[in-house]
Amino acid sequence: MIQFDREWLRDGEPGPELVQEALRQFDREASRLRQLRDYYDGQHAVSGRMRAKGAPNHRLWHDLPGYIVALTSGYLVGEPVQYQCVEGGDLSLLNRVLKRSAADNVDCELATDAAIYGRAVEVYYADSEAMPRLCQADPRSAFVVYDTTVEHAPMFGVLLSDRLGQHFERLCQRVDVMTPDWVIHMERNGTEVPHEVARERHFFGHVPMGEYWNNGRERGDFEGVMNLIDAYDALQSDRVNDKQQFTDALMVIYGATVEEDEEHSLQQRLRETRTLEMPAADARVEYLTKSLSESDTEVLKNSLRMDIHKLSLVPDLTDEAFGGNQSGVAMEFKLFGLEQLTRVKERWFREGLLWRLGCLVHFLRLRGFQVPDAETMEVQFSRSLPVNRLEVAQTLRAYDGLVAKQDLLTQVPFIEDAQAALDRLLGEGVYDPAQADRLG
């Protein structure tokens, strides 16, 4: 988090020197963000490993970062986020605005970025029809600056991009500074202090940029196990290298000298004839190899893999423990670590979504639309898990008569509106009104 005292602002806006200092602090994180992206894209430490000339040099990388990110982000927003107004307000307009921006897809991108970099960035803007839109920004080129109060309120956001010439050469760097009232367009060459070139007003009422933190430390989901992933890559690469060296073992001839003819070398004759004539009776031939202990290597590989999944709190779904017909309680215990990790991610993600709603509501109200207050809205997450419907039905039957019918219907996986489902049951005569009133 980049923080400054509000007294450094000039009439509520950051000056060029303050923007320059913010960029300097952001550049300190550039190498870390690049490394995280490289690991996610498959550029691991083993990719640059060098060995002696002629020695096998297989460099196997395993997409464990991609696996971890896909599982944690999918578990968080695999099911679309739902919004509900606690005071019963109409959210149809807000839902249409979110749909126009493909908010479900943006949420997936934000969750993926948060799992990779430890944070994600979102930008709000107005389209050609003067309606609010939102999009995901690259965390490697966008950030928000906060004040030093206990609230850590956003002061301004920064979005970086390259200005290209006619032949796609880089002319300068664009620095778009977003304050609660203005989008200030700046430019700079190299590391010089940026200068303002233009500005335009926006109508979101807040900084039109939101950050989604992955956790309080702003760390990615695989960042803590990168060394273990390097060890796993090196171990598997060395196994393949050892196998190739075993097949390319040196031939040692004792008690004889084998001459080569002018047309074929010894190696060529062996490949073609698969025989070797020995001139002496006591001569012998053997290969110079080193013994390979596959069992020890397999134990080490499994140990590394278990540590990676244990410390990242992401289960190995290929493990035999996830096979078979297991109860929901047993599955919940196996997913306990992932669930706790996701609960933390969910709380931080909800903060970003509420900031989004506040900006969109302010814009829509300036346009004259009737939209409920953002403070009256709730954000609901759903877990994308396989459901044992037979077990759910048995559990609901056991609670029948002890819990209200409507509450029971909320636990049925394929029912979205419990009240509507209860009304249909009453209409079909399954329950009489008196019983429904008493239980529902």
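Glu218 sits in the loop that runs between β10 (209–213) and α6 (226–247). In this predicted model, the phi of Glu218 is near 55 degrees, a positive value in a residue other than glycine. Glu218 is also buried, because its relative accessible area is 16% and the cut-off for buried is under 20%.

Asn214 is found in that loop too, between β10 and α6. With a relative accessibility of 1%, Asn214 counts as buried. What does Asn214 touch, leaving aside residues up to four places away in sequence? Its partners are Ala114, Ala115, Gly118, Arg119, Arg219, Gly220, Asp221, Val344, Lys345 and Trp348.

Another loop gives us a contrast. Phe168 is located between β6 (154–164) and β7 (170–178). Like Glu218, which has a positive phi without being a glycine, Phe168 has a positive phi, here about 60 degrees, and is not a glycine. Is Phe168 buried or exposed? Phe168 is exposed, because its relative accessible area is 68% and exposed means over 50%.

Now step back to the protein as a whole. It has 14 helices and 13 strands. Of its 440 residues, 39% are buried. Among contacts with a separation of 6 or more, 65% are between residues 24 or more positions apart. Gly12 and Asp181 give another pair to look at: they are 169 residues apart along the chain, and their C-alpha atoms are separated by 9.5 Å. Gly12 belongs to the loop between β1 (2–4) and α1, and at 45% relative accessibility it counts as partly exposed.

Helix α1 covers residues 16–27, and at 1.5 Å a residue its twelve residues should span 16 Å; the C-alpha atoms at its ends are 16 Å apart, so the two values agree. Buried in α1 are Leu18, Val19, Gln20, Ala22, Leu23 and Phe26.

Helix α2, residues 30–41, also has twelve residues. From its first C-alpha to its last it reaches 16 Å, close to the 16 Å expected at 1.5 Å a residue. Which residues of α2 are buried? They are Arg32, Leu33, Leu36 and Tyr39. Looking down the axis of α2, these buried residues fall within an arc of 125 degrees, so they line one face of the helix. Just after α2 comes Gly42, with a positive phi of about 100 degrees.

Our next stop is α3, and how it packs. Two packed helices are described by the angle between their axes and the distance between the axes. The axes of α3 and helix α5 (residues 103–117) come within 9 Å and cross at roughly 135 degrees. The two helices are therefore oblique to each other, and α3 passes α5 in a right-handed crossing. On the α3 side, the contact is made by Val69, Thr72, Ser73, Leu76 and Val77. The α5 side supplies Asp107, Cys108, Ala111, Thr112, Ala115 and Ile116.

Not counting residues up to four places away in sequence, Ser73 touches Gly78, Ala111 and Thr112.

Helix α3 has a further partner in helix α10 (residues 336–366). Their axes come within 10 Å and cross at roughly 60 degrees, and this crossing is right-handed. Thr72, Tyr75, Leu76 and Val77 of α3 make the contact, together with Leu338, Glu339, Leu341, Thr342, Lys345, Glu346 and Phe349 of α10.

Notes. Residues numbered from 1 in each chain as written. Predicted model: local features only at pLDDT ≥ 70, side-chain atom pairs only at ≥ 80, totals over all residues. Heavy atoms only, no water. Helix = DSSP H or I, 4+ residues; strand = E, 2+ residues; numbered from the N terminus. Expected span 1.5 Å × (residues − 1). Buried < 20%, exposed > 50% of the residue type's maximum accessible area, 1.4 Å probe, protein only. Contact = heavy atoms within 4.5 Å. Arc of directions from axis to C-beta. Axes fitted to C-alpha atoms, helices over the stretch in contact; angles between N-to-C directions. Parallel < 35°, antiparallel > 145°, perpendicular 65-115°, else oblique. Left-handed = near helix turned anticlockwise from the far one by under 90°.
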